[in-house]
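Open the structure in a viewer and keep the selection tool at hand.

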Amino acid sequence: MNFVNFLFVYIIVLIIWTFYKRYFSSSEFQVKNKHVLITGGSSGLGFSFAKLCVKNGANVTIVSRSQEKLDVAVKQLRGFSTKKDSQKIESFACDVTCVSEVEQLFCSLIVPVDIIVLCAGASKPGFFHQQSPVLFKDQVELNYLGSVYAATYCFQKMLRDGVCGAKFIFISSACGLLSFPGYSQYAATKFALRGFCDAFRGELLLFQYTSHIFFASSIDSPGFAEEQKLKPELTKKIEGTCVLQTSDQAAASLWTGISRGHYQITSDFAVELLRISNNSTNPRNNFLLELLLLPFACIMQHLSPAQGVAKCERRHKQFTGHMTLYSAKPSSLRLGLVIYSTSS
Ligand SMILES: NC(=O)c1ccc[n+]([C@@H]2O[C@H](COP(=O)([O-])OP(=O)(O)OC[C@H]3O[C@@H](n4cnc5c(N)ncnc54)[C@H](OP(=O)(O)O)[C@@H]3O)[C@@H](O)[C@H]2O)c1
């Protein structure tokens, strides 16, 4: 068989396989009558995901620090209830960075938890040399340890309650795949979460439990609005004019990924390419398709603006004293900026 024939057969197999994976091998994500607990469920992505769970008949507990915000969110969620009398929608005020509070949460929950979504998190961008080490500690405590504490105590409770087929859904970020100037504190925590999840996934399989990790792109949320206030101009330029997803759109992408049984989930093409090239030894979502896309992922990595933009900024500043980017950057960088315009 010559190369052209081989390529032809390969593409045909790829199309059939992709079609099969898409339409025949996906199992719907069933939450009806299950108990879903969502940390960070009072706003943004966590709240939107809670909404989807309620609409699909789940009993939902949302967790965050402010009881006031939780009360408002619970009231709104009850409006989406499919079975007004029997569906339970509750809240629990808890700071996930505090081990004793998290332990208390899972001790006081009477009903078994079937699915946990670890969504509480925040980003505090800034340049490393301008930030305090305490901020780095706070980011680790919230974005990494906050999820690990909740996963740990929830796992213990699931085993005590004899829960079958439990699910752990972790919320990372595109910054869990790609780090660049301004995100040294945040990206490190989302990379850490990925390292934790890759090991945890294998351990969960021993109990026939499953896990998912979502590398979310920029989401229009209260958290994102706060993040923008701190974000250095350089970081904004590297991100480009990113198209923000609404939190409902991001939650829907997460839901689709879970339904398809994907371990690693993304919500746009650029981040998907990053995921493909950063897959490590994790199960691939679609082996043949990813094999075909890998060369493109490598090219995009090569064009990554992350370091290039910083260099251009420095060079340009030396000449003009101004922080303007566009006159200084090469065209390949401009392409890279477009490609990577969605990460946060
Ligand atoms: N927004 C984005 O662009 C983006 C992009 C990628 C990934 N993500 C990730 O997606 C997740 C949700 O982000 P978002 O922007 O949609 O959310 P958000 O609107 O900022 O809401 C954050 C939620 O977490 C809760 N929370 C914060 N600190 C907490 C703590 N110490 N203990 C318990 N709950 C806490 C908040 O409630 P209280 O303040 O009342 O505690 C709120 O319910 C985060 O993990 C974030 O890193 C976001």
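The stops below cover the ligand, its surroundings and a pair of aromatic rings.

This is a predicted model, in which local features need pLDDT of at least 70 and side-chain atom pairs count only at pLDDT 80 or more, while totals for chains, interfaces and linings use all residues. Residues are numbered from 1 along each chain as its sequence is written, and side-chain values use heavy atoms, with hydrogens and water left out.

Stop 1: A polar atom in the Ser221 side chain is 2.5 Å from a ligand oxygen atom. For a polar side-chain atom of Ser43, the distance to an oxygen atom of the ligand is 2.6 Å. In Arg65, a side-chain N or O atom lies 2.8 Å from an oxygen atom of the ligand.

**Stop 2: the shell.** Colour the helices, which are DSSP runs of H or I with at least four residues, numbered from the N terminus.

**Stop 3: an aromatic pair.** Now select Tyr144 and Phe196, whose rings form an edge-to-face pair, 6.4 Å centre to centre with 80 degrees between the planes. Rings pair if their centres lie within 6.5 Å, and planes over 60 degrees apart count as edge-to-face. Tyr144 is in helix H5 (residues 133–161) and Phe196 in helix H6, so the pair ties together parts 52 residues apart in sequence.

Notes
Polar contact = N/O pair within 3.5 Å; in protein donor to acceptor, adjacent residues only side chain to side chain. Phe/Tyr/Trp six-rings, centres within 6.5 Å; stacked < 30°, edge-to-face > 60°. Helix = DSSP H or I, 4+ residues; strand = E, 2+ residues; numbered from the N terminus.
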